[in-house]
Amino acid sequence: MNDLTWMRLAVREAARAMPYRTFENPRVGAVIVKNDEIIAKGYHEEFGKDHAEINAFKQVKNKSDLLGATLYVTLEPCSVKGKVGSCAEYIKNWGLKRVVVGNIDPNPSTNGKGIQILKSAGIVVDVLNSIESQALNPAFFYFFTRHMPYIQLKLALSKNGLVTGKLKKRSKLTDLQADIDIHKERGARSAIMIGSETFLTDKPMLTVRHINIRHQQPLKIIIDRRGRLQNKDFCFSTNWIIYTENEYFAKKHSYVKLMIDGLTGILADLGKQNIQSVMVEGGPTLMNSFLEQNLWQETLIYMTDKTLSFGGLKGISMVQQPKKEIRVGNAIKKIYANK
């Protein structure tokens with residue numbers, strides 16, 4: 001078997017990871033090969049826990065089997081200690097002959113430094129520059145190459161394309177199974193964004209529920225251009241940011257920021273705060289602004305089986321065809337990619 005074949009097996013390991021569990025960490029897989037046989041494999045299972053290479057290492061009962069072996073890993077081993085220590089520093093002492101890397105880590109904290117640590121230890125390192133790791137981790141690669149958050153739009157619609165049956169009144173469309181899927185998507189994001197109208201209508205918690213997560217809850221963001229929320233009896237001081245064009249409102253509270261250069265300026269500001277990804281959950285007016293300005297990377301439409309009477313709020317319309325459709329509970333989940 002050749003390098004590409006072994007790397008595909010490492011990619012298969014990486015794909016076992018759930019994005020809502022790895023959170024802002026990339027999904028990474030590793031396979032250790034000796035004499036054309038796999039002696040261990042592993043993947044990064046959870047944010048803040050052991051990385052793929054370490055999980056594979058722990059599967060090797062007799063550590064002497066590592067002498068002269070080759071490690072295939074989908075992403076460059078990290079060079080910084082972080083939460084679990086530097087993988088490259090660990091790997092250099094295993095006695096490996098060679099390490100094959102799918103992609104160089106775009107995170108500047110590693111970006112080539114992990115490879116240099118391995119080479120300095122006398123290990124042969126080859127980089128395949130494959131596309132699989134980027135496909136598994138679109139938000140991670142987008143953020144560290146563009147320095148802007150990856151934008152995922154999400155909306156639940158009735159069968160006849162409505163968000164609500166009546167204006168300014170919430171309509172529950174998705175069932176529990178679809179809700180669980182939505183919260184898995186939420187759990188993978190650094191932040192959730194809504195407009196002030198959605199907040200006033202739905203009073204959403206904007207938290208990850210229905211699933212267990214061990215990382216922090218996403219940051220909650222509201223776009224409130226006119227400052228409609230400034231006199232609302234609600235505590236926004238913990239884990240909320242409000243962006244507004246109302247200068248008085250912006251000066252009044254530390255969690256309120258003045259909008260500069262519209263949505264583009266907001267995304268630039270979030271990028272400076274190391275917000276890797278944002279799920280925009282509505283309403284349709286805000287989502288259409290992202291679409292019209294081409295400030296999105298992915299859109300999720302949950303087209304439910306429910307029908308609402310006309311006269312309510314109309315949803316968004318996508319001009320392109322979805323790249324994938326999946327049935328989740330009472331909804332067809334349509335996934336669109338901005339190419």
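**Burial and local geometry in a predicted 339-residue chain**

Of the 339 residues of the protein chain, 55% are classed as buried, where buried means under 20% relative accessible area, exposed over 50%, and partly exposed in between (1.4 Å probe, protein chains only). The structure is a predicted model, in which local features need pLDDT of at least 70 and side-chain atom pairs count only at pLDDT 80 or more, while totals for chains, interfaces and linings use all residues. Residues are numbered from 1 along each chain as its sequence is written, and side-chain values use heavy atoms, with hydrogens and water left out.

The protein chain contains twelve helices and 14 strands; helices (H or I, at least four residues) and strands (E, at least two) are DSSP runs, numbered from the N terminus. Its radius of gyration is 23 Å, close to the 20 Å given by the globule rule for 339 residues, so the chain is as compact as a globular protein of that length. The radius is taken over C-alpha atoms, and the rule is 2.2 Å times the number of residues to the power 0.38. Along the principal axes, the C-alpha atoms fill a box of roughly 70 × 45 × 30 Å.

Contacts, defined as heavy atoms within 4.5 Å, were also examined along the sequence. Among those between residues at least 6 apart in sequence, 69% join residues at least 24 apart. The accessible surface of the protein chain comes to about 16400 Å², with 49% belonging to carbon and sulfur atoms; accessible areas come from the Shrake-Rupley method with a 1.4 Å probe, and for residues only the protein chains shown count as cover. The mean positions of the 49 positive and 32 negative charges lie 4 Å apart. In this count Lys and Arg are positive and Asp and Glu negative, with His and the chain ends not counted; each charge is placed at NZ of Lys, CZ of Arg, CG of Asp or CD of Glu.

An unreviewed UniProt entry places the feature "domain: CMP/dCMP-type deaminase" at residues 1-126. UniProt positions are given in the numbering used here, feature names are shortened, and annotations may be inferred rather than shown by experiment. Over residues 1-126 the chain is 29% helix and 22% strand, and the end C-alpha atoms are 16 Å apart.

Helix H12 spans residues 284-292, and its buried residues are Pro-284, Leu-286, Met-287, Ser-289, Phe-290 and Leu-291. The cover over these residues includes strand S6 (150-157), strand S7 (191-195), strand S8 (219-223), helix H11 (262-272), strand S11 (277-280) and strand S12 (298-304). Thr-285 also lies in helix H12, but counts as exposed at 64% relative accessibility. Under "binding site", the unreviewed UniProt entry lists Ala-156, Thr-198, Asp-202, Gly-283, Pro-284, Thr-285, Leu-286, Met-287, Asn-288 and Ser-289.

Gly-283 is located in the loop between S11 and H12 and is buried, with a relative accessible area of 14%. Apart from neighbours within four places in sequence, Gly-283 is in contact with Gly-195 and Thr-198. The peptide bond from Gly-282 to Gly-283 is cis, with omega near 5°.

Most residues other than glycine have a negative phi, and most peptide bonds are trans. His-210 lies in the loop between helix H9 (196-202) and S8 and is partly exposed at 44% relative accessibility. Asn-239 is placed in the loop between S8 and S9 and is partly exposed at 32% relative accessibility.

Phe-236 is found in the loop between S8 and strand S9 (240-244), where Phe-236 counts as buried at 2% relative accessibility. Not counting residues up to four places away in sequence, Phe-236 touches Phe-199, Ile-222, Leu-229, Ile-242 and Tyr-255. Phe-236 and Val-256, 20 residues apart in sequence, are separated by 9.1 Å from C-alpha to C-alpha.

Ser-133, in helix H6 (residues 132-136), is buried at 2% relative accessibility. Its contacts, leaving aside neighbours within four places in sequence, are with Thr-74, Leu-75, Asn-103 and Phe-141.
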